[in-house]
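Subject: Structure for you to look at

Hello,

Here is the structure I said I would pass on. Please open it beside this email and follow the notes as you read.

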Amino acid sequence: MANLPVETFESAGRVVRRMGYGAMQLAGPGVFGPPKDRDAALAVLREAVASGVNHIDTSDFYGPHVTNQLIREALHPYPDDLLIVTKLGAVRGDDASWQPAMEPADLERGVHDNLRNLGLDVLDVVNLRIMGDVHKPSEGSIEKQVTALAELQHKGLVRHIGVSNATAKQIAEAQRLVEIVCVQNHYNLVNRHDDTLVDDLAKQGIAYVPFFPLGGFSPLQSSVLSQVAAKLDATPMQVALAWLLHRSPNILLIPGTSSLTHLRENLQAAHLELPDEVLAELEAAAQAHE
Ligand SMILES: NC(=O)c1ccc[n+]([C@@H]2O[C@H](COP(=O)([O-])OP(=O)(O)OC[C@H]3O[C@@H](n4cnc5c(N)ncnc54)[C@H](OP(=O)(O)O)[C@@H]3O)[C@@H](O)[C@H]2O)c1
């Protein structure tokens with residue numbers, strides 16, 4: 001298989017290929033429990049890295065523990081250039097619910113859970129996953145949480161800090177306390193609430209990492225996307241990813257999949273050029289969707 005093109009972005013002091021991989025889909029249904037096919041999950045991780053991916057997104061609350069343990073089994077000892085980004089701020093109930101865990105002691109426990117399950121002495125990047133409103137960014141101070149993460153950084157357990165599900169105001173508040181190296185929010189071809197934020201972060205040289213780049217649990221579907229994909233001899237998912245790569249140089253992709261076929265398809269999107277008239281068609285369709 002062709003390796004990924006070398007288009008990169010410097011983040012967290014590392015050169016990161018813009019096409020990465022998100023591990024959430026490797027856990028069981030509802031991101032809970034073991035994968036339906038453990039060998040396939042391990043194969044997806046190994047092939048992603050063998051194909052040139054050097055940025056993997058995870059969390060110890062996927063499973064819980066499941067995706068981190070799979071990453072460790074598949075890839076440890078890790079290649080020197082692999083950037084593993086994890087997130088803190090939630091735990092899972094026995095009923096698979098997502099519960100906020102935003103107190104400083106919760107964050108410290110979360111760091112140790114990630115270190116243990118990933119088999120690391122220090123975490124490259126942790127994102128504070130803000131849980132004020134689970135489904136979308138909502139205002140509220142995050143000073144206490146960011147201060148707690150800064151202390152964990154000071155102790156040498158965490159190298160870099162990012163935020164997730166964050167408003168512009170919360171990012172600015174966090175930046176007054178620590179260096180923020182990345183922001184991970186919901187964004188894709190049709191969910192464009194962060195358009196201004198993407199551009200602001202690009203000016204600051206900060207990575208913007210969209211979650212649900214393909215639409216998440218209900219992958220994007222539209223007649224325009226399908227028509228454009230057919231015209232380019234590509235798939236709708238490849239067009240959605242290529243659009244994000246085109247959108248701004250600070251966008252790093254972490255599409256999620258549990259399937260080798262989908263992984264291969266998604267990685268190939270890094271080679272897809274979108275002509276101007278296609279970009280205009282996609283833009284018009286996205287505006288109509290708003
Ligand atoms: N910070 C946060 O709050 C947050 C929230 C959600 C996710 N994340 C991170 O963001 C990453 C990406 O988000 P995501 O995985 O939820 O959503 P996504 O990447 O938008 O889409 C994943 C879904 O699309 C399917 N899919 C993937 N490639 C496909 C293809 N080529 N053709 C058809 N279907 C395809 C997957 O199913 P298959 O498994 O069948 O391929 C899965 O159902 C996650 O893995 C996670 O690391 C972060």
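This is a predicted model: local features need pLDDT of at least 70, side-chain atom pairs count only at pLDDT 80 or more; totals for chains, interfaces and linings use all residues.

The hairpin. Strand E1 (residues 8–11) and strand E2 (residues 14–17) pair in the antiparallel sense, over four bridges. One of the residue pairs is Thr8 with Arg17, its bridge partner in E2. Two residues sit between the strands, and Ala12 in this hairpin has a positive phi, near 55°.

Helix H3. This helix has 15 residues, and the distance from its first C-alpha to its last is 21 Å, close to the 21 Å expected at 1.5 Å a residue. Its buried residues are Leu107, Gly110, Val111, Asn114, Asn117 and Leu118. They lie on the same side of H3, because they cover an arc of only 145° around the axis. The elements covering them include H2, strand E5 (83–88), strand E8 (123–129), helix H4 (143–154) and strand E9 (158–164). After H3 comes Gly119, with a positive phi near 70°.

H2 against H3. The axes of helix H2 (residues 66–75) and helix H3 (residues 104–118) come within 8 Å and cross at roughly 35°. H2 contributes Asn68, Gln69, Ile71 and Arg72 to the contact, and H3 contributes Asn114, Asn117 and Leu118. By type, these residues are two nonpolar, four polar and one charged.

Helix H4. The end C-alpha atoms of its twelve residues are 16 Å apart, which agrees with the 16 Å that 1.5 Å a residue should give. Gln145, Val146, Ala148, Leu149 and Leu152 are the buried residues of H4. Seen down the axis, they fall within an arc of 155°, so they line one face of the helix. The face turned away from that side carries the exposed residues Glu143, Lys144 and His154. The buried residues pack against H3, E8, E9 and helix H5 (168–175). H4 is followed by Gly156, which has a positive phi near 85°.

Ala288. This residue is in helix H10 (residues 276–289). Is Ala288 buried or exposed? It counts as exposed, because it has 10 C-beta neighbours inside 10 Å, and the cut-off for exposed is 12 or fewer.

Regards

Note on methods:
Residues are numbered from 1 along each chain as its sequence is written. Axes are lines fitted to C-alpha atoms, for helices over the stretch in contact, and angles run from 0 to 180 degrees between N-to-C directions. Two residues are in contact if their C-beta atoms, placed from the backbone, lie within 7 Å. Ala, Val, Leu, Ile, Met, Phe, Trp, Tyr, Cys and Pro count as nonpolar, Asp, Glu, Lys and Arg as charged, and the others, Gly among them, as polar. Two strands pair if DSSP finds at least two bridges between them. The expected span of a helix is 1.5 Å times one less than its number of residues. A residue is buried if 20 or more other C-beta atoms lie within 10 Å of its own, exposed if 12 or fewer, and partly exposed in between; C-beta atoms are placed from the backbone. The arc is that of the directions from the helix axis to the C-beta atoms.
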